[in-house]
Amino acid sequence: MKNCLKSNIPPLLEQYHIDNPNAKWEQFKNECQQGHSDVQNQLRLDQGNLCCYCEIDMKQGQGVGKDDFRVEHFHPKANKKDATEDNWALDWQNMLGCCLGGSEPYVVADEKARFIKQHNERHSDVLKADSIWDDEILNPLDIPAFPILFQAHRGDGSLSVQEDNCRDAGIDIRKANNCLDAEKLNLNSVVLKEHRKKALDALNQQVANQLAQGLTVDQAMSNLAKALLRKNEQQHWSAFFTTIRSYFGKVAEQHLQAMDYQG
């Protein structure tokens, strides 16, 4: 789980909110379809096309399956127990881009592994639904660029909280651990650990390939960190960015500092 940036509000969403201050999200989607498309595109761009929670790449169906993407409202857009007068549904600062957490069987037809039959193995915001978890989990918009808050483990692809870094950054350790909890975001689900383990194994192989070419460990780590911890031509980050960042350790932090990484 990494920090997410938030650009300026898309103009059509801003105008629609002004003209319809009490409108619901479905109304906006139906009545301002271009505005809804603009919101989706801007969230993808802001987040480098990574899910705000699990960091899987938010693939598009390209006509052969549903997009593995939805607009997530961090604070529920409608909750009968929510006594505030704010219209969370149209609050740009409340919107994030999120994957479907394995809940959709027809998402991205060539990515069948993304559908997870066991409900308790699904992840990201699937369990959150309309629960108000503002004080239970980390908001990706509040995560700092530095230091890294989670560590990926090569043995099984699991994540753990770097508690000292949380303390240094003033981050609630309880919230950070809740992001991994099976009853919250479940970021240590079996499927996500498998994805991260696969990414870590690939990194090991890439390092080995560079060593076989005569490079030193330091040279190999530096080359790969610079290649993988940057956006590509489509302005996408590498999937499981935090896992890659954790793998390269100090080399990654030096590279990200040098490139003035913000999120």
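A residue is called buried when its relative accessible area is under 20%. By that criterion, the buried residues of helix α5 in this predicted model are Ile173, Lys175, Ala176, Asn178, Cys179 and Leu180. The protein chain as a whole has 263 residues, of which 46% are buried.

**Overall fold**

- The protein chain contains 8 helices and 4 strands.
- In sequence order these elements follow the pattern α-α-α-β-β-β-β-α-α-α-α-α.
- The radius of gyration of the protein chain is 19 Å, which agrees with the value near 18 Å that a compact globule of 263 residues would have.
- The C-alpha trace extends over about 65 × 45 × 40 Å along its principal axes.

**Helix α5**

**Packing of α6 against α7**

- Two packed helices are described by the angle between their axes and the distance between the axes.
- For helix α6 (residues 190-212) and helix α7 (residues 217-228), the axes come within 9 Å and cross at roughly 130 degrees.
- The two helices α6 and α7 are therefore oblique to each other, and α6 passes α7 in a right-handed crossing.
- From α6, the contact involves Leu203, Gln206, Val207, Gln210 and Leu211; α7 contributes Val217, Ala220, Met221, Asn223, Leu224 and Leu228.
- By class, the residues of this contact are 8 nonpolar and 3 polar, with no charged residue.

**Packing of α7 against α8**

- The axes of α7 and helix α8 (residues 241-258) come within 9 Å and cross at roughly 95 degrees.
- Helices α7 and α8 are therefore roughly perpendicular to each other.
- On the α7 side the contact is formed by Met221, Ser222, Leu224, Ala225, Lys226 and Leu228, and on the α8 side by Ile244, Tyr247, Phe248, Val251 and His255.
- The contact of α7 with α8 consists of 8 nonpolar, 2 polar and 1 charged residues.
- Met221, Leu224 and Leu228 of α7 take part in the contact with α6 and also in the contact with α8.

**Backbone geometry**

- Most residues other than glycine have a negative phi, and most peptide bonds are trans.
- The peptide bond from phenylalanine 146 to proline 147 is cis, with omega near -5 degrees.
- Proline 147 is located in the loop between β2 (95-98) and β3.
- Asparagine 186 has a positive phi, near 55 degrees, although this residue is not glycine.
- Asparagine 186 belongs to the loop between α5 and α6 and is buried, with a relative accessible area of 4%.
- Aspartate 260 likewise has a positive phi, of about 55 degrees, without being a glycine.
- Aspartate 260 is found in the segment after α8 and counts as exposed, at 54% relative accessibility.

Technical notes. Residues are numbered from 1 along each chain as its sequence is written. This is a predicted model: local features need pLDDT of at least 70, side-chain atom pairs count only at pLDDT 80 or more; totals for chains, interfaces and linings use all residues. Side-chain values use heavy atoms; hydrogens and water are left out. Axes are lines fitted to C-alpha atoms, for helices over the stretch in contact, and angles run from 0 to 180 degrees between N-to-C directions. Angles under 35 degrees count as roughly parallel, over 145 as roughly antiparallel, 65 to 115 as roughly perpendicular and the rest as oblique. A crossing is left-handed if the near helix is turned anticlockwise from the far one by less than a right angle, and right-handed if clockwise. Contact means heavy atoms within 4.5 Å. Ala, Val, Leu, Ile, Met, Phe, Trp, Tyr, Cys and Pro count as nonpolar, Asp, Glu, Lys and Arg as charged, and the others, Gly among them, as polar. The radius of gyration is taken over C-alpha atoms; the globule rule is 2.2 Å times the number of residues to the power 0.38. Buried means under 20% relative accessible area, exposed over 50%, partly exposed in between (1.4 Å probe, protein chains only).
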